[in-house]
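This briefing goes through one structure, topic by topic. Please look at the sequence and the model before reading on.

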Amino acid sequence: MKKFIALLLGFTMLFGLTGAVWASTPGVLTIWADATRAPILAGLSEAFTAEFGIPVEVHEVGFGDIRDRLGIAGPAGEGPDIIIGAHDWIGQLIADGLLEPILFLEDIRDQFVPVAIEAFSSGGRIYGLPYLTEAVGLIYNRDLVLVPPATFTEFIAIASALTDPEKGQFGFLSNIPQPDPYHAFPFISAFGGYVFGLDEEGVLDPRDIGLDNEGAIIGGHLILELITSGLLPVGTDYGAMTGLFNDGMVGMILTGPWAVRDIKAAGINYGIAPLPTIGGQAMRPFVGVHGFMVSAFSANKILAMTFLEEFIATKDTMLALYEADPRNPAFIPALDVVAADPDVVAWAANAAVGTPMPSIPEMGAVWTAWADALLLIVTEEVSPEDALRDAVMRIRAVIGYE
Amino acid sequence: MSMTAILAKILLLGVVDSLGVWTAVGLVVAQRWGMLAGLVVGLLALNYAVLSKRAYPLRYLLPGLIPFCLMVVYPITVNMGVAFTNFGTGHRLTKEQVIDHFESRFYLPEDGERFTFQAFRDHEEDFIFLLVSKETGTTYLSAEGILEIVTLEDSRFVFDRGEIVQINGYYRLSRGELFRLLGQLQEIRLERNEEVIRLTSIREFRVYQQRYHYDREQGTLTDLKTGIIYTPIAGAFTSADGERLLPGFVVRIGFQNFLEIINNPHIARPFFRVFRWTFAFAALSVATTFVLGFSLAVLLNDPHLKMRHLYRTILIIPYAIPGFISILIWAGMLNVDFGIVNRILQDLFGTTIPWLHDPLWAKVAVVLVNLWLGFPYMMIICLGALQSIPSELYEAARIDGAGSWQRFRKVTFPLLLISIAPLLVGSFAFNFNNFNVIYLLTGGGPPIPGAMTPAGATDILISYTYNLAFGGVGAQYGFAAAISLIIFAIIATISAINFRFTRRLERISEGL
């Protein structure tokens, strides 16, 4: 028996070394997509295979793993032709020489939401075919909030009137204190705070950091006031925010389209509104864009590009992707079809004033330092001025531009 | 051994060997010499173990040794190699791959012409193309890769319903055929007066100009558009005025990663604070889990206790639930405002504790949660050890007039420690690197005001390493590997000292 096990082990070892290669093979398109999108694409590609006789293999890879695994598998000749991912990966992927620019998009760029093309652009080239955009907005409970606030003053008034911790009811919740800088950005941006500025060529400049400018500090104070005035409990995290909202105990939450499915399932009579303005200024959220990218180590670059051009950048495919995962299409002909849905209009309004989440590799240093600063602000350990200044000093130290 | 068993043995071995040879050929082609050596050694050892009578014990060892080499020795070797390189974001590819990358870069000239095309193929799989310029409307035909101007009146063209279907015995490709041949067509380069024209999509050809040229003699890269010359310095092609081209490539950089840890004040300064807490955390984790696990084991071992089995089963439950889940549930329960723990404290004592927001309480929380996760393990091993103590010893002690406390002090505890001590050392080493509980519960936080490094109050060395490697610019694998080697050295030293101490314990037991 032992011998048998030994042989079996040797057997599996050898298979482990040679088998299961999801590699880019000439004449076969290999796509890596996450669990939500892999089945949709597998279904859609059948039509492509039927028409052109080209096999399309869709492999499910966890969303968080796609970027790192492409970096390992691509150069080893074992990567895919196409990946589906977020636009903020491109900085790192381009620095690693893993992405191929997609030329045909330059001809049809006006068929896409401008911010989506901007998000996938770098150095004058476009590195991804965008298919959805997402940005945070104000989701409100229509049973508690009749008219969503247009200005921040109205917003505070509504939030204060509804907040009653004794009853476990809240006017406004957000997972900002978690700490979550992504959700805090609209407060920072409203008064002119930004992450990275643009240089003369319109490229993000890691030397120009705007997270401790006057506007960002005002935004920091605004968040602190939400905490100190008792409106926003400092322990609010994503689970508490969505859980209480889905129990009908919260008037408004600040979050994105990913929360809507559970809200619908909970039977909440919800609405989506643009973020309120402060002193006439828009609260500009980060815009995230998802799209298709072509590996620089693909054996089928032209085929992959052609697949994207002829088959993905079409109204039908974009609508099918939207049906399966309702987040706003980035492809305007598809967006126009679903524009009757008020949710789509509201999300589009938020994305329209937003700014693409920076995609340069230096963002890694920003997220960690900024999150620490945010927690120090909301726990009232450090003033917003000092916390944000320290954070920017730390970012400079980490990325090496002191 | 029966005939069938021998046959089965030889057959299976044959299958494994042929698979091995097949793999070896693949590895030779891929030039993976290290893996090939490993495969050959493994395969020979396997054959020897199965065929030789003298190597009988090897048959029992090999099933453990092969995975040990694959999953422990190999990763550690790779890790040691990586620690001396700049492998990470911007430096992922080999130099050859980077040169390929730049040589295949092109730029489209401002007024670069674009062409619609039709492709034709003869029976010998040779292609010719008919290109029509989108700008000038001129028609070109490719011959031997060179474009020549033609007119539609050309006698070589065969028309059918107004379309050219055949040229000189070359037949026009349908759209479907084009799709299937794109892999071949993408390599085709057509020429027109020094210009390169290649396929951009199934719809068009374009004029390309190469962007970079690599000079193999000089080892330099020239930007053909600007004329700037780049020389390879520290893993990136660098211009005279210091501009570094991305992507860079992987190079050996000696001890630079290690020197960075020592010389960069932002990294070195918190290192000792983090080290102290790591040590304290590991020691506290071992101490608390051992004390609780051991106490419960003594209780459960008492034959007077009713329903022992039920209690034992219940107490093992925390061990049976995946740590990931329990840690996240604990994080929710310890939430300042919405957590059940603070709600109970509020109702009972009218006060709450800033569990994960205060440096000291966060440390308490981490140790408490780790106690919850770790005590069942200690309880189980203590129960086993207690049952293995011979009852004659207790009888002898009783006859000698020892009370229950004395029996515990002089018999139970020392004997238990002999078998448990090595496991305590192992538990210490495990908790020293207990990334999950820190990362999932506090994320290393709360942050320390004014800190210039991503090191929070509860960060241990391994989570600090993670922050440094992945919380900066992209992912710095080489740097992370260097720190993990240092952590490995620290743990190896501590464990060596601990084992020496344990051996002394054993010597005491011999005198017992």
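In which helix of chain A does A:Arg69 lie? A:Arg69 belongs to helix α3 of chain A, which covers residues 63-73. The structure is a predicted model, and its scores are ipTM 0.82 and pTM 0.84.

**A:Arg69**

- A:Arg69 has 18 other C-beta atoms within 10 Å.
- In sequence, A:Arg69 and A:Gly171 are 102 residues apart. Their C-alpha atoms are 43 Å apart in space.

**Domains of chain A**

- Chain A is assigned domain 1 (18-134 + 287-356) and domain 2 (136-285 + 359-399).
- A distance of 29 Å separates the C-alpha centres of domain 1 and domain 2 of chain A.
- The contact between them involves 18 residues of domain 1 of chain A and 17 residues of domain 2 of chain A.
- On the domain 1 side of this contact, α4 and α14 (342-353) of chain A each provide at least two residues. The most come from α14(A), with 6 residues.
- By residue class, the domain 1 side that touches domain 2 of chain A has 7 nonpolar, 7 polar and 4 charged residues.

**Contact between chain A and chain B**

- Chain A brings 59 residues to the contact, and chain B brings 56 residues.
- On the chain A side, two or more residues come from each of α1 (2-18), α4 (90-95), α9 (238-246), α11 (301-312), α15 (363-378) and α16 (384-399) of chain A.
- The element that gives the most to this side is α1(A), with 12 residues.
- The side of chain A that touches chain B is made up of 32 nonpolar, 15 polar and 12 charged residues.

**Chain B**

- Chain B contains 16 helices and 17 strands.
- The radius of gyration of chain B is 35 Å, whereas a compact globule of 512 residues would have one near 24 Å.
- Along the principal axes, the C-alpha atoms of chain B fill a box of roughly 120 × 75 × 50 Å.
- Buried residues make up 28% of the 512 residues of chain B.
- Taking contacts in chain B between residues at least 6 apart in sequence, 57% join residues at least 24 apart.
- The mean pLDDT of chain B is 87, with 98% of its residues at 70 or more.

Conventions
Residues numbered from 1 in each chain as written. Chains lettered and ligands numbered in written order. Predicted model: local features only at pLDDT ≥ 70, side-chain atom pairs only at ≥ 80, totals over all residues. Helix = DSSP H or I, 4+ residues; strand = E, 2+ residues; numbered from the N terminus. Rg over C-alpha atoms; globule rule 2.2 N^0.38 Å. Buried ≥ 20, exposed ≤ 12 C-beta atoms within 10 Å, placed from the backbone. Contact = placed C-beta atoms within 7 Å. pLDDT = per-residue confidence, 0-100. Nonpolar A, V, L, I, M, F, W, Y, C, P; charged D, E, K, R; others polar. Domains from an automatic or database assignment.
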